[in-house]
Amino acid sequence: MNSKNAKSISLLEYLSALGHHPTLRQSDNYWYLSPLREEKTPSFKVSRIKNLWYDFGLAKGGTIIDFTLLYYKITEVKEALRKIEEKTDTLSSISFSFQKPVSTFKIQQLKPIENKVLIEYLTERGIPLSIAREHIEEIYFSREDKTYFALGFENRSGGYELRNKYFKGCLPPKDITIIQNGSDTCNVFEGFINYLSYLTIKAEIPAFLPSNDPEDHLILNSVQSLSKALKPLTEYPTIICYPDNDNAGKKAVEELKKHFPNLQDNSFFYKEENDLNDYLCKAQRHQKKEEQSRKPVLRHRRRLR
């Protein structure tokens, strides 16, 4: 995703994905309790037509990128773009839209992951190809005379969650995904990248997730699908949640706890990161630095011999 793509995403949809909703509407303007600070009277305005925001309490405003930099307290635009990509659940920022009827889209091909661009994306997210190939596919789909490709993760209704380096979306119908291994424990994830991150962490960092027993998994594919998860989860005496460390993730956990008081929230394991994938990527970078730091020492020892 680049800056132009990001700025075409609806701020209203983006704020909703983050768990923030307007308290007042005045024509084209939507008013919120500021997501950037504590307040009791809404003074955060979004213009739907201009797709810009302004926080009167901070005397600051701008685009979706400006907002993301402040919201996550980061300074790099590249990191802001990644945050936007992770939380955007439509393809409104690119040249086609899934608001059109399902019949306008056609799946051309499903195959094991071989595309170099998709493999590069998985590498950036710290997901080994061996793990990815067990759970997701390379999907080609078309609308009219154009063909697109992405990683495809199937949901229980036959729809596909789509990811590549440039967008995040869904081939409808939208639904949750349930992976059953005959366990009494069910892990809950917001999206399939975090699910794959969990499997990678179990394989690479067993001290973090020591259990080797097979577990069942439920992937929401969007926090907006939370209500669809309630009935399946009643079958499990143990429910462990791995939410994002943002407002939307916290609200999802609060809602689940209303129905399942004994639910275990494991986000404290990665409380310094935004989500499980961020934790995985950070751990892998740390491991790589340690390996590189050992190399000069080994070369020095050879010289002494």
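User: Where does Pro173 lie?
Analyst: Pro173 lies in the loop between β10 (168-171) and β11 (177-179). Strands here are DSSP runs of E with at least two residues, helices are runs of H or I with at least four, and both are numbered from the N terminus. One caution about the source: this is a predicted model, where local features need pLDDT of at least 70, side-chain atom pairs count only at pLDDT 80 or more, and totals for chains, interfaces and linings use all residues. Residues are numbered from 1 along each chain as its sequence is written, and side-chain values use heavy atoms, with hydrogens and water left out.
User: OK. What kind of peptide bond joins Pro172 and Pro173?
Analyst: A cis peptide bond, with omega at about 10 degrees. Most peptide bonds are trans, and most residues other than glycine have a negative phi.
User: On phi, then: what is the value for Ala59?
Analyst: Phi of Ala59 is near 60 degrees, which is positive, and the residue is not glycine. Ala59 sits in the loop between β4 (52-55) and β5 (60-62).
User: Is Ala59 buried or exposed?
Analyst: Exposed, because its relative accessible area is 52%. The cut-offs are under 20% for buried and over 50% for exposed, with partly exposed in between, using a 1.4 Å probe and protein chains only.
User: And what about phi of Lys73?
Analyst: Phi of Lys73 is near 55 degrees, again a positive value in a residue other than glycine. Lys73 is in the loop between α3 (64-71) and α4 (77-87), and Lys73 counts as exposed because its relative accessibility is 74%.
User: New topic. Which strand holds Ser142?
Analyst: Strand β7, residues 137-143. Ser142 is buried, since its relative accessible area is 9%.
User: What does the side chain of Ser142 make a polar contact with?
Analyst: The side chain of Gln108, at 2.6 Å. A polar contact is a pair of N or O atoms within 3.5 Å; within protein, one must be able to donate a hydrogen and the other to accept it, and residues adjacent in sequence count only if both atoms are side-chain atoms.
User: Now β13. Which way do its residues point?
Analyst: In β13 (residues 216-219), Asp216 and Leu218 point one way, His217 and Ile219 point the other way, and all are buried.
User: How many bridges are there between β11 and β13?
Analyst: The two strands pair in the antiparallel sense over 3 bridges, and Ile178 has Leu218 in β13 as its bridge partner. Pairing requires that DSSP finds at least two bridges between two strands.
User: And what about β12?
Analyst: β12 (residues 185-189) runs parallel to β13, joined by 4 bridges. The bridge partner of Asn187 in β13 is His217.
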